[in-house]
Amino acid sequence: MELLLVMLIGLLYAAGIYMMLRRSMVKLIIGLILLGNGANMLIFLLGRIVKGKPPIIDSASKMLTEIYADPVPQALILTAIVISFGLQSFAIILVKRAYKITATDDLDELNTTDEIYE
């Protein structure tokens, strides 16, 4: 199972970087989304896949002796999802506005249109 997730993470990173190197701004955003999902899965995998109980310590005991699920990677992933959603929504609105003004999403053409709109 972990090997499958490692391969999927590598595929997400490779596809994300490939999409970010294309000339289209839409593909840039898709690449950013793929990289964010790959990073979330990497954090999930580093937290170890273990079935266990919540980490609640009894008042009588001083430490956990049973297998428990670590809540820290889950909290990090939730935080990363919220941040990446905000970044993606901002980027989509920015690309929409740039397309409305310039009528193109090609990054090379946007470099040549800088002089027209200044």
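## A loop residue to start with

Ala103 is exposed, with a relative accessible area of 58%. You will find Ala103 in the loop between H3 and H4. Its backbone has a feature worth a look: phi of Ala103 is near 60°, a positive value in a residue other than glycine. Please keep in mind as you explore that this is a predicted model.

## The overall plan

How many helices and strands does the protein chain have? There are four helices and zero strands. If you follow the chain along its sequence, the pattern reads α-α-α-α. The chain has 118 residues, and buried residues make up 22% of them.

Helix H1 covers residues 2–20, and helix H2 covers residues 25–46. Further along come helix H3, at 71–102, and helix H4, at 107–112.

## What the UniProt record says

The UniProt entry for this protein is unreviewed, and it lists residues 6–21, 28–50 and 75–95 under "transmembrane region". Let us look at two of these stretches in the model. Residues 6–21 are 94% helix and 0% strand. From one end of that stretch to the other, the C-alpha atoms are 23 Å apart.

Residues 75–95 are 100% helix, again with 0% strand. For this stretch, the C-alpha atoms at the ends are 30 Å apart.

Side chains of opposite charge can pair when their charged atoms come close. The structure holds one salt bridge. Which residue does Arg23 pair with? The partner is Asp106, and the closest N and O atoms of the two are 2.9 Å apart. Arg23 belongs to the loop between H1 and H2, while Asp106 belongs to the loop between H3 and H4, so the pair ties together parts that are 83 residues apart in sequence.

Is Asp106 buried or exposed? Its relative accessibility is 11%, so Asp106 counts as buried, the cut-off being under 20%.

## A charge over a ring

Another contact involves Arg22 and Tyr18. The charged end of Arg22 sits over the ring of Tyr18, and the distance to the ring centre is 4.4 Å.

## Residues apart in sequence, compared in space

Ala15 and Leu32 are 17 residues apart along the chain, and their C-alpha atoms are separated by 9.9 Å.

Gly36 has its place in helix H2. This glycine is buried, with a relative accessible area of 18%. How far apart in space are Gly36 and Tyr13? They are 8.8 Å apart, C-alpha to C-alpha, although 23 residues apart in sequence.

Helix H2 also holds Asn40. Asn40 is buried, at a relative accessible area of 11%. Between the C-alpha atoms of Asn40 and Leu76 there are 8.4 Å, and the two residues are 36 apart along the chain.

## A nonpolar patch on the surface

Which residues form a nonpolar patch on the surface? They are Met1, Leu4, Phe44 and Ile49, and together they have about 440 Å² of accessible area. Met1 sits in the segment before H1, and it is exposed, with a relative accessible area of 70%. Met1 and Ile49, both in the patch, are 48 residues apart in sequence but 9.1 Å apart in space, C-alpha to C-alpha.

The other member to visit is Phe44, which lies in helix H2.

Note on methods: Residues numbered from 1 in each chain as written. Predicted model: local features only at pLDDT ≥ 70, side-chain atom pairs only at ≥ 80, totals over all residues. Heavy atoms only, no water. UniProt positions renumbered as here; feature names shortened; annotations may be inferred. Helix = DSSP H or I, 4+ residues; strand = E, 2+ residues; numbered from the N terminus. Lys NZ or Arg CZ within 6 Å of the ring centre and 35° of its normal. Patch = residues over 30% accessible without salt bridge, like charges linked within 9 Å, V, L, I, M, F, W, Y side chains within 5 Å. Areas by Shrake-Rupley, 256 points an atom, 1.4 Å probe, with all protein chains shown as cover. Salt bridge = Lys/Arg side-chain N within 4 Å of Asp/Glu carboxyl O. Buried < 20%, exposed > 50% of the residue type's maximum accessible area, 1.4 Å probe, protein only.
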